[in-house]
Amino acid sequence: MATEKIILGIDPGTAIMGFGIIKVVGNSMSFIQMNELDMRRLKDPYTKLRRIFERTIELIDTYHPDEIALEAPFFGKNVQSMLKLGRAQGVAMAAGLSRDIPVFEYAPLKIKQAITGKGSASKEQVAKMLQSLLGIKELPKNLDMTDGLAAAVCHFYNSGRIEVGKSYTGWVAFVKQNEKRVKK
């Protein structure tokens, strides 16, 4: 009997969080859903973080993912943007870890490479490839949704390989794998 699992992919952000969900049966994947959490009208940064946590918990309770794949923040020149993205990612991770769901993170370049074969692919190229792979009838206007879906598909492609990126099976594992970062 083929193994079945659900993968939730998240593109964290404090303005828009994109997410996508796929179902994997054996070596085949199928599209379940993609959407976004739009927080552009919210002014308070802590309210945004609370909404990310609540929406992620809601997705977990609705779709019961076996694994969560997150797009890791990329290193840019704007430190404040990096801090905001890191917080958004951390809150989404915390939601999954609070429900004992393994969390995996992938660099944007690795996600693009997994989907299109090119780490320099545009958001539009990634979206078009996902449309073809998963039989999506119409692509959304906002490609944060497809970015979240791409994280889930990247995880599917990398499952079973020796190196899948960073993964955490719970708070204890997270702390243990990151204790060098925490200690001074």
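Two rings of Phe, Tyr or Trp are counted as a pair if their centres lie within 6.5 Å; planes under 30 degrees apart make the pair stacked, planes over 60 make it edge-to-face, and the rest are tilted. The model is predicted, and a search of the whole structure under this criterion finds one aromatic pair.

**Stop 1: the aromatic pair**

Select Phe-156 and Tyr-157. The ring centres of Phe-156 and Tyr-157 are 5.5 Å apart and the planes stand at 45°, so this pair is tilted. Pairs of aromatic rings are described in general by the distance of the centres and the angle of the planes. Are the two residues buried or exposed? Phe-156 is buried, with a relative accessible area of 15%, whereas Tyr-157 counts as partly exposed at 29% relative accessibility.

**Stop 2: the whole chain**

The chain contains six helices and six strands, and along the sequence they follow the pattern β-β-β-α-β-α-β-α-α-α-β-α. Of its 184 residues, 48% count as buried. Among the contacts with a separation of 6 or more, 62% are accounted for by residues 24 or more positions apart.

**Stop 3: helix H1**

Select residues 45-63, which form helix H1. H1 has 19 residues and reaches 27 Å from its first C-alpha to its last, close to the 27 Å expected at 1.5 Å a residue. Colour its buried residues: Lys-48, Leu-49, Ile-52, Arg-55, Thr-56, Ile-57, Leu-59 and Ile-60. An α-helix has 3.6 residues a turn, so residues three or four places apart point the same way. Which elements cover the buried residues of H1? The cover includes strand S1 (4-11), strand S2 (16-25), strand S3 (28-38), S4 and H2.

His-64 lies in the loop between H1 and strand S4 (67-71). Most residues other than glycine have a negative phi. His-64 is not a glycine, yet its phi is positive, at about 50°. With a relative accessible area of 55%, His-64 is exposed.

**Stop 4: helix H2**

Select residues 79-98, helix H2. This helix has 20 residues and reaches 28 Å from its first C-alpha to its last, close to the 28 Å expected at 1.5 Å a residue. The buried residues of H2 are Met-82, Ala-88, Gln-89, Val-91, Ala-92, Met-93, Ala-94, Ala-95, Gly-96 and Leu-97.

Just after H2, select Asp-100. Asp-100 is found in the loop between H2 and strand S5 (103-106). Phi of Asp-100 is near 60°, a positive value in a residue other than glycine. At 60% relative accessibility, Asp-100 counts as exposed.

**Stop 5: the contact of H1 with H2**

Show both helices together. Two packed helices are described by the angle between their axes and the distance between the axes. The axes of H1 and H2 come within 9 Å and cross at roughly 35°, and the crossing is right-handed. From H1, the contact is made by Leu-49, Ile-52, Phe-53, Thr-56, Ile-57 and Ile-60. From H2, the contributing residues are Arg-87, Ala-88, Val-91, Ala-92, Ala-94, Ala-95, Gly-96 and Ser-98. By class, the contact has 10 nonpolar, three polar and one charged residues.

**Stop 6: Lys-5**

Move to Lys-5, whose place is in strand S1. The C-alpha atoms of Lys-5 and Asp-66 are separated by 5.8 Å, although the two are 61 residues apart along the chain. Neighbours within four places in sequence aside, Lys-5 is in contact with Ile-22, Lys-23, Val-24, Asp-66, Glu-67 and Ser-159.

**Stop 7: Leu-134**

Finally, select Leu-134, which lies in helix H4 (residues 123-134). Leu-134 counts as buried at 12% relative accessibility. Which residues does Leu-134 touch, not counting residues up to four places away in sequence? They are Ile-22, Met-29, Ser-30, Phe-31, Leu-149 and Val-153. Draw a distance from the C-alpha of Leu-134 to that of Ser-30: the two atoms are separated by 6.1 Å, with the residues 104 apart along the chain.

Key: Residues numbered from 1 in each chain as written. Predicted model: local features only at pLDDT ≥ 70, side-chain atom pairs only at ≥ 80, totals over all residues. Heavy atoms only, no water. Phe/Tyr/Trp six-rings, centres within 6.5 Å; stacked < 30°, edge-to-face > 60°. Buried < 20%, exposed > 50% of the residue type's maximum accessible area, 1.4 Å probe, protein only. Helix = DSSP H or I, 4+ residues; strand = E, 2+ residues; numbered from the N terminus. Expected span 1.5 Å × (residues − 1). Axes fitted to C-alpha atoms, helices over the stretch in contact; angles between N-to-C directions. Left-handed = near helix turned anticlockwise from the far one by under 90°. Contact = heavy atoms within 4.5 Å. Nonpolar A, V, L, I, M, F, W, Y, C, P; charged D, E, K, R; others polar.
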